[in-house]
Amino acid sequence: MTVQKLPIAKAINESLRKAMETDPKVLVMGEDVGKLGGVFRVTDGLQKDFGEGRVIDTPLAESGIVGTAIGLALRGYRPVVEIQFDGFVFPAYDQIVTQLAKMHARALGKIKLPVVVRIPYGGGIGAVEHHSESPEALFAHVPGLKVVSPSNASDAYWMMQQAIQSDDPVIYFEPKRRYWDKGEVDTEAIPGPLHKARTVVEGSDLTLVAYGPMVKVCAEAAAAAAEEGKSIEVVDLRSMSPIDFDAVQASVEKTGRLVVVHEAPVFYGAGAEIAARISERSFYHLEAPVLRVGGYHAPYPPARLEEEYLPGLDRVLDAVDRSLAY
Amino acid sequence: MTVESTAARKPRRSSKRTGSSAGKAVADPQLVQLLTPEGQRVEHPDYDVDLTPEELRGLYRDMVLTRRFDAEATALQRQGELGLWASLLGQEAAQIGSGRALRDDDYVFPTYREHGVAWCRGVDPTNLLGMFRGVNHGGWDPNSNNFHLYTIVIGSQTLHATGYAMGVAKDGADSAVIAYFGDGASSQGDVAESFTFSAVYNAPVVFFCQNNQWAISEPTEKQTRVPLYQRAQGYGFPGVRVDGNDVLACLAVTRSALERARRGEGPTLVEAFTYRMGAHTTSDDPTKYRADEEREAWEAKDPILRLKTYLANEGHADEAFFASLEEESETLGKRVREAVRAMPDPDRMAIFENIYADGHALVDEERAQFAAYQASFADGEGK
């Protein structure tokens, strides 16, 4: 039986396990990833089975984690590093942006940097500050990096396999509030390309584009809208760099309307890029301006306010109504 | 040339020092020195080298040619052939001494001033000039010479060296890794983190800090309140201060630290106490922040002059050697000059090359747009 029903966190765990079994050069590194199995238990049991030499508890130093992973990659290893939470990635941002992203180009292609940086991201878990942010656009903006985010267990499993196998650095954003959502994982399936978008719900009146934690909200919005007779298509982007614009374009040219949804602040966010590209590609097919739903230009609020800040069902449906009103 | 003889770290003597029984003075143990500024061989209780006259001449040749190369690059910048140059003038002993301590299978992580170390690794010096001319960001394959690309961001490479060394240890290899950085970089968090990681994982890495006294206009006093080599103690590994203008001492100390790393005993911090005789880079004006007297005092400690004095006094080199080296220097200068002037601008499509190993849709799209845009001019040019 190769199909299992797994929560996303466990799917990633199984994926890491398979990668380590397959390739002795794969390492897991990060704070608390060993005995504890990570604060979300994503690496649970790996150190027990693969040893401290391959599942490496690191000092509490994010720049050091990424910087040494770069060195290990130069030596021929394939490190998968965990940044414990989204807001903690910034001490490592320098190493990721000035070193990890550029070294392949600086070496005129002579060296490869197969490093995966795992970042549990996003809100909705009632955490304190620095534990609920969505900084994906900051990474997608950087040439040399690839940025992906699964929204379900099967993608969590397979996209991790593909990220580890990639010779490029991949920033792998894990939707932490979906860690416990279960889904079917076929560990012997043949996965589609890592950067291909996927249509989650078919529809004809409007396209909702989302990724990671917002895919579920958008699918629920589509179901709610269907009860009112509206046919909403939901596209799961899966990859924020590169973006599968062809898939978004095809959907928009079918529906004529586009709303992009993400948790990150709207200003300069992924939605801005998608809106601009689609306006350029599909100008004559659009029945309404591309709308965006996302976070505000404000620090992520205290937990008691996060439901106000995060795009929920009502805010998505409100945007759907505004678009359809054109 | 490679210097093959070993410089075993002598066991620390428990008895009081025996003095200059062999006619050699004993240097300050806090600053490892084997050759005084006057060119006199001295002893150190912990470090020594035993080199043949040929090996000594080899070190001298390395330093002279490196200085000549550096001078040529500075001149080329003044002539507009290079956009920038970071001179190593004054630091030849630190770089040649440490560079010649390395084995072929060791791996080097330099800053952007390690022209002498690159020389020791066999990197063609003209390849170092591409980034300063603006035709690339590093013109060599790091794995060809085990010499990583120059790193501009201060201190970042110390973490890469540490990670690489962790990999060496995992592989069960007995190679060592050396990371170069300056006194300014010692203030960076990455350097502190590399000390932590290397100590925790017992990584076979040598941290070679060239304290050249100035981080652009900021003196070492603006970086630290304790001598830099003493920092190692807080991380749990040894720190050594060596006379950075003494090529023999730099060789002995680095070799000892590398051997320690090979034995699985972990990292060492070497502080090569030296002086940057020129500007930080050709964009800098050191007359605005430092006194002439300071430079003059350091000129008296010149690394090349002291070895020349020693070679001449001991009869290890004759006039013919010095004359032939002079000729070789001029040939090198000419070769470098011609190579730089002949360096072609990169193909414009290189903008889109090697950004990703596995490709990226956006890069493909923009490459095609750029090519089409360029092609749109072809008709106007009558092509």
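## Ground rules

Because the model is predicted, local features need pLDDT of at least 70 and side-chain atom pairs count only at pLDDT 80 or more, while totals for chains, interfaces and linings use all residues. Residues are numbered from 1 along each chain as its sequence is written, chains are lettered from A and ligands numbered from 1 in the order in which they are written, and side-chain values use heavy atoms, with hydrogens and water left out.

## Chain A

Let's start with chain A, which has 12 helices and 14 strands; these are DSSP runs numbered from the N terminus, with helices (H or I) of at least four residues and strands (E) of at least two. The C-alpha trace spans about 60 × 40 × 40 Å along its principal axes.

Of the 326 residues in chain A, 62% count as buried (under 20% relative accessible area, with exposed over 50% and partly exposed in between, using a 1.4 Å probe and protein chains only). Among its contacts (heavy atoms within 4.5 Å) between residues at least 6 apart in sequence, 81% join residues at least 24 apart. One of the residues to look at is A:Glu14, placed in helix H1 (residues 8-22). Leaving aside residues up to four places away in sequence, A:Glu14 touches A:Leu6 and A:Tyr157. A:Glu14 and A:Tyr157 are 143 residues apart in sequence, yet 7.1 Å apart in space, C-alpha to C-alpha.

## Chain B

Chain B has 13 helices and 9 strands. Its C-alpha trace spans about 85 × 50 × 40 Å along the principal axes. With 383 residues, a compact globule would have a radius of gyration near 21 Å, and the 22 Å of chain B agrees with that.

In chain B, 54% of the 383 residues count as buried. For contacts with a separation of 6 or more, residues 24 or more positions apart account for 73%.

## Nonpolar cores

A nonpolar core here is a set of buried Ala, Val, Leu, Ile, Met, Phe, Trp, Tyr and Cys residues joined through side-chain atoms within 4.5 Å. The largest has 144 residues, and A:Ile96 and A:Ile274 have the most contacts inside it. Helix H9 (residues 247-262) of chain B gives the most to this core, with 10 residues. Another core lies apart from it, with 33 residues, among them A:Phe40, A:Val55, A:Trp158 and A:Met160.

Not counting residues up to four places away in sequence, the neighbours that A:Ile96 touches include A:Val66, A:Phe139 and A:Ile171.

## Backbone details

Most residues other than glycine have a negative phi, and most peptide bonds are trans. A cis peptide bond joins A:Ser241 and A:Pro242, with omega about -5°. A:Pro242 sits in the loop between strand S12 (239-241) and helix H9 (245-255) of chain A.

Two asparagines in chain B are also worth a look. B:Asn146 has a positive phi, near 50°, and belongs to the loop between helix H5 (142-145) and helix H6 (156-171). B:Asn146 is buried, at 15% relative accessible area. B:Asn354 has a positive phi of about 65° and is found in the loop between helix H12 (319-342) and helix H13 (361-375). B:Asn354 counts as partly exposed, at 25% relative accessibility.

Methods. The radius of gyration is taken over C-alpha atoms; the globule rule is 2.2 Å times the number of residues to the power 0.38.
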